[in-house]
Amino acid sequence: MSPRSADVRHSSSRFAATVWPEGFRAYQSETLAQVDAVFAAGRSRCWAVLPPGAGKTLVGLESARRLGRRIVVLVPNTAIQGQWVRTWQRFAASDQDPANGTVPLLEVGTERDLRHPVTVLTYQSLAVFDDEHGGRGVKSTGPLLEQLHENGRALVAAMHSVGPLTIVLDECHHLLEVWGRLVVELLDELDDAAVLGLTATPPETLTHTQAQLVERLFGAPLRGASLPAVVRQGYLAPFAELAFLTPPTPVEADYIRGQAERFVEFRSGLMDPEFASTGFLAWCDTRFIERAAATGGEVAVEAGTVPWSRLEQQEPALAAAALRMHHVGLLSLPPGSRVREEHRREPSAEDWVTLLDDYVGNCLSRSADPQDAAAVAAIRAALPSIGYRLTTNGVRAASSPVDRVLARSDAKTHSTIEILAVEAGELGPALRALILCDFESATATVSASLADVLKPETGGAVHVLRQLVEDERTADLAPILVTGRTVAAAPETAAAFARWAHEQDSALALDVELRDGLAHLRGAWSSRTWVALATRFFEAGHTRVLVGTRALLGEGWDAHGVNVVVDLTTATTTGSVVQMRGRGLRLDPSWPEKVTNNWTVVCVAEGHPKGAADWHRFVRKHEGHLAVRAAGEIVSGIGHVDPAFSPYGPPESAVFDASNVAMLLRAGQRVDTRRDWSIGEPYTDELVHTIRVTARRAPLRTTTGETIPVRRALPGPSGAALSGRSRMLLWLTPGRAARLLAEAAGEPPIASLGGAVADALKQCGISPVGAEALDAVVEPSGTYRLQLSGVDPATSLAFVQALDELAGPIAEPRWLMPRYHLASLPAAGRERRAVVRAWLLGSAPGNAVVYHAVPAVFARSARRVEAFTAAWNRHICAGRPVAASSPEGEGILVTHRGASPLEATTALRVAWS
């Protein structure tokens, strides 16, 4: 037997004799079983997804221990490195009594020579490159392993020599951003290594390129328990997602208004038919109404050349921009199009850029007319005001001063003070607030054009600290700034921290240096020391507010007491956002009923095409993130902040104050938030799609959480849908006949439409359940919320998409379904009896009729159309579908295309159950 084989056998037996003495949570055991099954099946790589605070470190170490190989863990930073070391040190020998100590049988180290059976290193310890290019970084081509510094090469050599290895890649979403190419090369060389990736980033949030890299590295993901599941089990603290909306400060607003005026002036000229040989609006008519095809260097104009569905598929941004132009009255409704939630708002900067790019590229630039050259010049001059520039390759994004003002607005700092003042009033001494910024100070990033708009430090952590210290409402919270370079506070707080730190470590002597009204702490210490001390100072309540950067107090930093997180950053990547929110998820032993409020401060400027840039950042922060909303529903996206919020644009500034008051009130309702999470209640841990329908007419009722009733009597072509024989029998009970007519009158309950769709899906074999599984409630606002329960996400999506088509405006359906509308009965007794008598005699006038599009999922075959018709007749009214291609159907489309049969708006959302 070779020495290496003997060493492997020895290590394997020692790993087998090492155990985790504290037991595993149920979801951790399930994830461990999934990982075991992957490796048992002969695969050498896999990745597991668990939310922050769910025990990824423990799962990773236990999975690697079970494989019995030498373990190398790569992590993003030293804080996380320390967590892994400390967790392994809690493992123990299998024959050791945990009550007498938990000394590990196998040692753990952080040295590159891999001398210990378990080694935890940072990714940076591998990614050290030779600086032979004058500091310009690595070559963009050629193997990265060949460009490593000798320290990096020595680590790779050690991995070869001590194998076989189990390599654990913690927070492996970083590989998609920074170290991916290098790690791919490393793993290709270590072809006998077992590889486990761990992350809190949901795989569905990955881009196509990222997904390809993940597939290359690991294969399919292993999904552990979701964040709501771990909260529901009581292992993470329940939380509420809140937003504070603010306009810019007056000075900032004046600047943005000036920028907007420049673009408004340009836009006015753009609307002039004489702006170019082919005016902009004329081009839009050609492109979207006459449906010109801009291909092959020529524009073929022929009605119907390009179906709208194809345009939406091939150029979705352009199609969406056109429909927003229609919404503001600048364009007729394009044939075949359908206005959805995302189109019911003014065109954004991105919309104008998309339209102008098409206008320049497919119209103006192909012309030799000097007038068109002047038009191109005017467009080139106007685009920088909204953060874009015109190049020879089209319109490209550029630095946007307006976006920078919104991102760093001083109004955000003022809003943070308002939030903390209210939170301090609610929690008192128990408040533990974390404020996260992008940077410590922004002195070097303020452009000359913004010198009179933003102070140099505005938007940085130092500026936030200064404002907190100077405001009497927050000064008593003793806020402290902690970054990678600085620890600072008010003089009294800094002095208290210096005394306390000396008590903790008598060898540590700190000086207090006053600078611009703040006290900076100086001494013989490093960030690793002062972050740990400041965290303990914070946990003990000597300060109730920590201000820092997301790079330092985000990923890898933990304080169990955090119960308020204020996000002032511009970070929108899923990994960063998940980690920031994770700071408040830890359970607090001193407060078993802990509930955390996660705040996002959003600055919105009306009147500028780029004025919603910060709102769209806010939307991206919440994409794919599940949280409970006030009604107890756990939903994805900004709907969990406020169901009235749209991901496609901000509310009007006139409602900001009301929204903020509601948010501040909700912040104080932590008992309600905890109740809404239903901790300890059963769950399925599945995503389900929901649809929200807001009718312009008055709602049926406004009682939250109650099922909407379904009518017993349905309208027909005239009166109610009963046979002639049944009507004759009603002569004996005219009162019952009147009640049936009254029941059939008016608009159908939204639940009836949902029931028809659900039953038709079941009949077609698409869904295992029908209307009996429909969950339909109406909220106090009058908005109806519907979902199909007990089905997989794909089926729930099919349900909401079909209902969305059925309730929404008619576009270009293959079939149309009539819905008869019976007017309410007269109130006067004599007139009421006359209507009933005419119906019973069969001489009542015909009911009004409106048409709905038969959803595409049912229009694919005659069998499905019949299934939908039967369900429609059972839930809505009598009637037969009409083919849109028939003469009758063509006539109906002429009068009904683009019309909403319910005068309602719809919004599709994702919820958790």
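This is a tutorial dialogue on how to read several features of a predicted model.

User: How are two packed helices described?

Analyst: Two packed helices are described by the angle between their axes and by the distance between those axes. In this predicted model, helix H2 (residues 26–40) and helix H3 (residues 56–67) pack at an angle of about 40°, and their axes are 10 Å apart. The crossing in which H2 passes H3 is right-handed.

User: Which residues of H2 and H3 make the contact?

Analyst: On the H2 side the contact is made by Gln-28, Thr-31, Leu-32, Val-35, Asp-36 and Phe-39, while H3 brings Leu-58, Val-59, Glu-62, Ser-63, Arg-66 and Leu-67. Sorted by class, the contact of H2 with H3 has 6 nonpolar, 3 polar and 3 charged residues.

User: How is a pair of aromatic rings described?

Analyst: One gives the distance of the centres and the angle of the planes. The structure holds 22 aromatic pairs, and one of them is formed by Trp-47 and Phe-218, with 6.2 Å from centre to centre and 25° between the planes. That pair counts as stacked, because the planes are under 30 degrees apart.

User: Where do Trp-47 and Phe-218 lie, and are they buried or exposed?

Analyst: Trp-47 lies in strand S2 (residues 45–49), whereas Phe-218 lies in the loop between helix H8 (208–217) and strand S9 (221–223), so the pair ties together parts that are 171 residues apart in sequence. Both residues, Trp-47 and Phe-218, are buried. Elsewhere, Phe-263, Phe-266, Phe-275, Phe-280, Trp-352 and Tyr-359 form one aromatic cluster.

User: Where do nonpolar side chains tend to be in soluble globular proteins?

Analyst: In soluble globular proteins they tend to be buried together. Here the largest nonpolar core has 45 residues, and those with the most contacts inside it are Ile-435, Val-547, Trp-599, Trp-615 and Phe-645. Helix H18 (residues 461–470) gives the most to this core, with 6 residues. Apart from that core lies another, of 40 residues, among them Val-693, Leu-753, Val-757 and Met-817.

User: What does Trp-599 touch, not counting residues up to four places away in sequence?

Analyst: The residues that Trp-599 touches include Leu-242, Phe-244, Ile-419, Val-565 and Met-663, and also the charged residues Glu-423 and Asp-567.

User: Is Leu-114 buried or exposed, and is Asp-516 buried or exposed?

Analyst: Leu-114 has 1% relative accessibility and therefore counts as buried, whereas Asp-516, at 62% relative accessibility, counts as exposed.

User: Where is Arg-629 placed, and is Arg-629 buried or exposed?

Analyst: Arg-629 is in the loop between strand S23 (626–628) and strand S24 (634–636), and Arg-629 is buried, because its relative accessible area is 4% and buried means under 20%. Its contacts, leaving aside neighbours within four places in sequence, include Asp-676, Glu-779 and Arg-785. Arg-629 and Val-641 are 12 residues apart in sequence and 6.2 Å apart in space, C-alpha to C-alpha.

Terms used. Residues numbered from 1 in each chain as written. Predicted model: local features only at pLDDT ≥ 70, side-chain atom pairs only at ≥ 80, totals over all residues. Heavy atoms only, no water. Axes fitted to C-alpha atoms, helices over the stretch in contact; angles between N-to-C directions. Helix = DSSP H or I, 4+ residues; strand = E, 2+ residues; numbered from the N terminus. Left-handed = near helix turned anticlockwise from the far one by under 90°. Contact = heavy atoms within 4.5 Å. Phe/Tyr/Trp six-rings, centres within 6.5 Å; stacked < 30°, edge-to-face > 60°. Buried < 20%, exposed > 50% of the residue type's maximum accessible area, 1.4 Å probe, protein only. Core = buried A, V, L, I, M, F, W, Y, C linked by side-chain atoms within 4.5 Å.
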